[in-house]
Amino acid sequence: QVVEGQPLTVTITEGFSFLSPREVRFFVNDTQDGVDPSPAFARVITVPAPTGLTDGLLPLRADLHATTGGALMASASVNVIVRGLNEDTDGDGILNGQEIIAGTDPFRDDATEDPDGDTLTNAQEIVLGTKINDSDTDDDFLNDGAEVTATTNPLDADTDDDLIVDGRESVFGTNPKLADTDGDGLSDGFEIGFGRISIVSGSF
C-alpha cells in the first residue's frame with residue numbers, strides 16, 4: 001500500500017535478454033504512462049488520489065514488447081492499495097499527510113515514540129511543528145522538550161527578540177521570555193553586548 005502524492009518506482013525483471021532490442025510499456029490505471037527501452041525497465045510514477053480509483057486500488061501493468069515489429073512478449077499487472085492523505089491508516093491519531101511531512105511512518109503506530117530524545121512524542125512534535133529527528137529544532141541550545149516546559153518558542157531561537165538565543169539566557173541570568181529582564185528600558189542583548197550586567201534593580 002502507498003499514500004497518494006508519493007513517488008512510486010515500478011521496476012520490471014524479465015528473462016528475455018536474448019531478444020534485443022525490446023521495451024516495456026507502462027500503464028497506470030489502464031492508461032499508458034511511458035515507455036522504457038533501457039535494460040533497467042523502471043518507471044517512477046506519482047500515486048494519484050484514491051477518490052478517482054475503483055475501491056481505492058491503482059492498477060499497474062507492464063507490457064514487454066519487441067522494439068522491432070512491436071510484438072507483445074510478456075505482460076504483468078498488480079493492483080496497489082492507495083491511501084489518502086486525510087486518512088489515518090495506522091490508527092495512531094496522525095493523518096497520513098501529516099506523517100509524510102514529518103517523516104514518520106503512516107503504516108505503523110509510532111505516535112508515542114521519541115526518536116530524537118527531546119521528551120516530546122512524535123504526535124506532540126507534529127502538533128507543535130518541531131522536528132521529530134532533531135532535539136533542538138531552532139538551534140538555540142535548548143531542546144524542544146525543555147522549551148515546551150519553559151513555555152519558550154521551540155520554533156524561534158530568540159523567543160523575546162532581545163538578540164540572545166533562548167538557551168544562552170540562563171548563562172547570563174536573563175529571562176528568555178522578557179527582552180528587558182530588569183525593566184530598565186534597555187534590552188538584555190544591548191546590555192550584555194556593551195558589557196552592562198542586567199540585574200533586577202538596574203544596570204551598571
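Biologist: How many strands does the open sheet have, and in what order do they lie?

Modeller: Two strands count as paired if DSSP finds at least two bridges between them. Strands (E, at least two residues) and helices (H or I, at least four) are DSSP runs, numbered from the N terminus. Here the open sheet has five strands in the order S1-S7-S6-S3-S4, and the pairing is mixed. Bear in mind that this is a predicted model, where local features need pLDDT of at least 70 and side-chain atom pairs count only at pLDDT 80 or more, while totals for chains, interfaces and linings use all residues. Residues are numbered from 1 along each chain as its sequence is written, and side-chain values use heavy atoms, with hydrogens and water left out.

Biologist: Which strands stand at the edges?

Modeller: Those are S1 (2-3) and S4 (31-36); each has a single partner strand, so one side of each is left without a neighbour in the sheet. S1 runs parallel to S7 (residues 72-83), and two bridges join them. To find one on your screen, look for Val-2, whose bridge partner in S7 is Val-82.

Biologist: Now the rings, please. How is a pair of aromatic rings described?

Modeller: By the distance of the centres and the angle of the planes. Rings of Phe, Tyr and Trp (its six-membered ring) pair if their centres lie within 6.5 Å; planes under 30 degrees apart are stacked, over 60 edge-to-face, and the rest tilted. That rule gives one aromatic pair here. The centres of the Phe-190 and Phe-194 rings are 4.6 Å apart and the planes are at 35°, so this pair is tilted.

Biologist: Is Phe-194 buried or exposed?

Modeller: Buried means under 20% relative accessible area, exposed over 50%, and partly exposed in between (1.4 Å probe, protein chains only). Phe-194 is exposed, at 61% relative accessibility, whereas Phe-190 is partly exposed at 38%.

Biologist: Which charged end sits over the ring of Phe-27?

Modeller: We say a charge sits over a ring if NZ of Lys or CZ of Arg is within 6 Å of the ring centre and within 35 degrees of the ring normal. For Phe-27 the charge belongs to Arg-61, 3.9 Å from the ring centre. Arg-168 likewise lies over the face of Phe-141, 3.8 Å from the ring centre.

Biologist: One last stop: where is Thr-119?

Modeller: Thr-119 is in the loop between helix H1 (96-102) and helix H2 (122-128). Its phi is positive, near 75°, in a residue other than glycine, and Thr-119 is exposed, with 63% relative accessible area.
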